Amino acid sequence: MNNIDCEIIMDLLPLYADGMVSNDTGEIVESHLKECEECQEIYRQMTGKIDFSFEKKPMKKRKLKRKNILILMVLFYILLLLLINIAAIAYIGFI
């Protein structure tokens, strides 16, 4: 493998180790690791393991919790009330 390939693989290794790459990317990294001893050593140092079998997990999606949504709604309504008050004061000032 040439240095460009290794540099790209090294950029992807943290995501690969966490299982946060797509299936296709995982397979590419895995096949590179099977051939490149330098990248294998970096992966070993990073994870403490030698196994290169990519775990195909779905990527995690972040969900807003109900509490966070409620807080956002309250903040939105407060901002809306402030804007209405500012508009009313500006309107009264122009009379």
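Met73 is partly exposed, with a relative accessible area of 41%; the partly exposed range lies between buried, under 20%, and exposed, over 50% (1.4 Å probe, protein chains only). Met73 sits in helix α4, residues 66-94. Helices here are DSSP runs of H or I, at least four residues long, numbered from the N terminus.

This is a predicted model, in which local features need pLDDT of at least 70, side-chain atom pairs count only at pLDDT 80 or more, and totals for chains, interfaces and linings use all residues. Residues are numbered from 1 along each chain as its sequence is written, and side-chain values use heavy atoms, without hydrogens or water.

Now turn to α2. Its 13 residues should span 18 Å at 1.5 Å a residue, and its end C-alpha atoms are 19 Å apart, which agrees. The expected span is 1.5 Å times one less than the number of residues. Gly26, Val29, Glu30, His32 and Leu33 of α2 are buried. Seen down the axis, the buried residues of α2 fall within an arc of 165°, so they line one face of the helix. The arc is taken from the directions from the axis to the C-beta atoms. The face turned away carries exposed Asp24, Ile28, Lys34 and Glu35.

Key. Helices (H or I, at least four residues) and strands (E, at least two) are DSSP runs, numbered from the N terminus.
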